[in-house]
Amino acid sequence: MLVQVILKSKATTGVVTVKPDASVSDAARLLAENKFGSVVVSADGVTPDGILSERDIVRELSKEGAACLDKPVSGYMTRELVTCTTQSNVGELLKQMTEGRFRHMPVVEDGKLVGIVTLGDAVKAQLAQVAMEKDALQDMIMGH
């Protein structure tokens, strides 16, 4: 299964981003309001500059305390993004996310952000594919 299938099944259009100079507090509010686990950081809303996750915020809160909430997300975001394309294989994504210990992967085409795939999205897609294959095999065995 390809990432494009996951993106088509998601109800949202576009990707919510936050500017690098936004405060960590603003990013945390955005995450909470939208029930997201991470947000892509982008100066222009099109090209991803980094990603900031709930874990990043919690980690900094434990180190710096509430003072980090007033600082820009650019100081805490992950800059070395692992991205995929719409033609990426979901099985490969699962492997990358598991080995890299992250749960959100931006989808980029021609340098432009087109979506984001979560670990949950990938697992759901993989389970749906396995169920379809199981049903097809059962039908073949039963002679349908």
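The model is predicted, and a search of the whole structure finds six salt bridges.

**Helix H3**

- In helix H3, which spans residues 54-64, Asp56 is buried together with Ile57 and Glu60; these residues cover an arc of only 95° around the axis, which puts them on the same side of H3.
- The face of H3 turned away from that buried side carries Val58 and Ser62, which are exposed, while the cover over the buried residues includes H2 and strand E3 (50-53).
- Aspartate 56 and arginine 59 are three residues apart within helix H3, about one turn of the helix, and arginine 59, at 42% relative accessibility, counts as partly exposed.
- Lysine 63 counts as exposed at 60% relative accessibility, whereas glutamate 60 counts as buried at 14%.
- Glycine 65 follows H3 and has a positive phi, near 80°.

**Helix H2**

- The buried residues of H2 are Val24, Ala27, Leu30 and Leu31, and they lie on the same side of H2 because the arc they cover around the axis is only 120°.
- Ala32 and Glu33 are exposed on the other side of H2, and what covers the buried residues of H2 includes strand E1 (17-18), E2, E3 and H3.
- Lysine 35 comes after H2, and its phi is positive, near 60°.

**Nonpolar cores**

- The largest nonpolar core has 14 residues, and those with the most contacts inside it are Val18, Val39, Val41, Leu52 and Val73.
- Helix H2 (24-34) and strand E2 (38-41) are the elements that give two or more residues to this core, and H2 provides the largest share, four residues.
- Apart from this core lies another, of 13 residues, among them Leu7, Cys84, Leu93 and Val107.

- Arginine 103 forms a salt bridge with glutamate 54, the closest N and O atoms being 3.8 Å apart, and the pair links distant parts of the chain, 49 residues apart: arginine 103 lies in the loop between helix H4 (90-100) and strand E4 (104-109), and glutamate 54 in helix H3.
- Arginine 103 is partly exposed, with a relative accessible area of 31%, and glutamate 54 is also partly exposed, at 37%.

Methods: Residues numbered from 1 in each chain as written. Predicted model: local features only at pLDDT ≥ 70, side-chain atom pairs only at ≥ 80, totals over all residues. Heavy atoms only, no water. Core = buried A, V, L, I, M, F, W, Y, C linked by side-chain atoms within 4.5 Å. Buried < 20%, exposed > 50% of the residue type's maximum accessible area, 1.4 Å probe, protein only. Arc of directions from axis to C-beta. Contact = heavy atoms within 4.5 Å. Salt bridge = Lys/Arg side-chain N within 4 Å of Asp/Glu carboxyl O.
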